[in-house]
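Morning, everyone. I have one structure to walk through today.

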Amino acid sequence: MESKPSPSTLIDQLVVPGDVILDLSIMTSQTIKLGGGLRQDGDTISVMKAGTLRFTKPNKYWVESSNKRYIPNAGDNVLGVVVDTKPENFILDIKGPALAHLPVLSFEGGTRRNIPKFEVGTLLYVRVVSANTGMNPELSCMDANGKAGEYGILKEGYMFESSTGLARQLLSSPPHLVLEALGKKLSFEIAVGINGRFWVNASQSSTVILVGNAIQKSESLSMVQQKIYLDKLLKSIQ
């Protein structure tokens with residue numbers, strides 16, 4: 001069945017209050033189940049709170065709020081900040097309910113003789129190994145094969161805060177609209193943690209600020225508004 005606008009273009013996308021996700025007048029043979037964040041107004045289904053539109057078969061729609069606190073899960077890639085150092089562990093803040101432990105040997109080729117030294121405030125890209133209720137999450141700077149891969153210290157650049165919802169959008173495929181558009185015009189590096197943090201680095205600090213601010217601003221904009229905003233932004237940096 002058709003709908004206006006097509007739900008397929010909005011599912012897993014950021015929606016804001018007032019967005020219309022379904023037109024029931026042209027979906028007469030379908031029964032729709034509504035979850036949180038949505039309401040029916042006549043023949044339309046509209047959004048009541050900002051977040052990401054979700055759908056499960058056969059017919060349930062809901063809005064997943066973007067401001068939920070990060071809950072660690074094994075396998076998550078996160079950005080952590082060193083807050084303390086112990087003989088056996090580095091203690092990191094990963095925006096979770098509890099501080100996380102990064103064992104001093106959880107590095108490729110790690111031995112007692114080559115334990116890295118991190119100052120308080122050091123930013124690390126790490127993997128959550130375990131996250132059991134009532135225990136401090138355990139982290140690693142290695143992938144499942146014991147290789148450093150993309151993990152480790154993030155030097156220079158700047159870390160920005162975001163919601164976990166925006167972080168998931170930045171990690172989604174196809175690429176987030178802002179990343180795709182700015183990546184065609186500017187040269188920069190980015191590392192995204194599912195815990196609601198992202199790091200941007202570029203040769204010029206002005207690029208770092210522009211990219212970081214654009215990503216943060218995108219969360220409060222609908223897809224149409226994002227395109228308008230990006231058009232203006234890209235013209236200003238030509």
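Let's start with one pair. L124 stands opposite I153 in strand 13. Strands here are DSSP runs of E, at least two residues, and helices are runs of H or I, at least four residues, both numbered from the N terminus.

A word on the source. This is a predicted model, so local features need pLDDT of at least 70, side-chain atom pairs count only at pLDDT 80 or more, and totals for chains, interfaces and linings use all residues. Residues are numbered from 1 along each chain as its sequence is written, and side-chain values use heavy atoms, with hydrogens and water left out.

Now, strand 11. Which strands does strand 11 pair with? Two strands pair if DSSP finds at least two bridges between them. Strand 8, residues 77-85, is joined to strand 11 by five bridges. One of the contacts there sets V78 against V126 of strand 11. Strand 12, residues 138-140, has three bridges to strand 11. There, V128 has L139 as its bridge partner. Strand 13, residues 152-153, has two bridges to strand 11. Each of these pairings runs antiparallel.

Is strand 11 largely enclosed or open? Six of its eight residues, 123-130, are buried, so the rest of the structure largely encloses strand 11. Buried means under 20% relative accessible area, exposed means over 50%, and partly exposed is in between, with a 1.4 Å probe and protein chains only.

K95 is not a glycine, yet its phi is positive, about 70°. Look for K95 in the loop between strand 9 (89-93) and strand 10 (100-103). K95 is partly exposed, at 25% relative accessible area. E156 also has a positive phi, near 55°, and is not a glycine. E156 lies in the loop between strand 13 and strand 14 (158-161). At 66% relative accessibility, E156 is exposed.

Last, the largest pocket. A pocket is an open set of points on a 1 Å grid over the protein atoms alone, where a 1.4 Å probe fits, with protein on both sides within 12 Å along at least five of seven lines; lining residues have an atom within 4 Å of a point. The volume, the space filled by probe spheres set on the points, is about 350 Å³. Of the 16 lining residues, D12, Q13, S172, P174 and P175 are the closest to the centre. Helix 1 (164-170) is one of the contributors, and it gives the most, with three residues.
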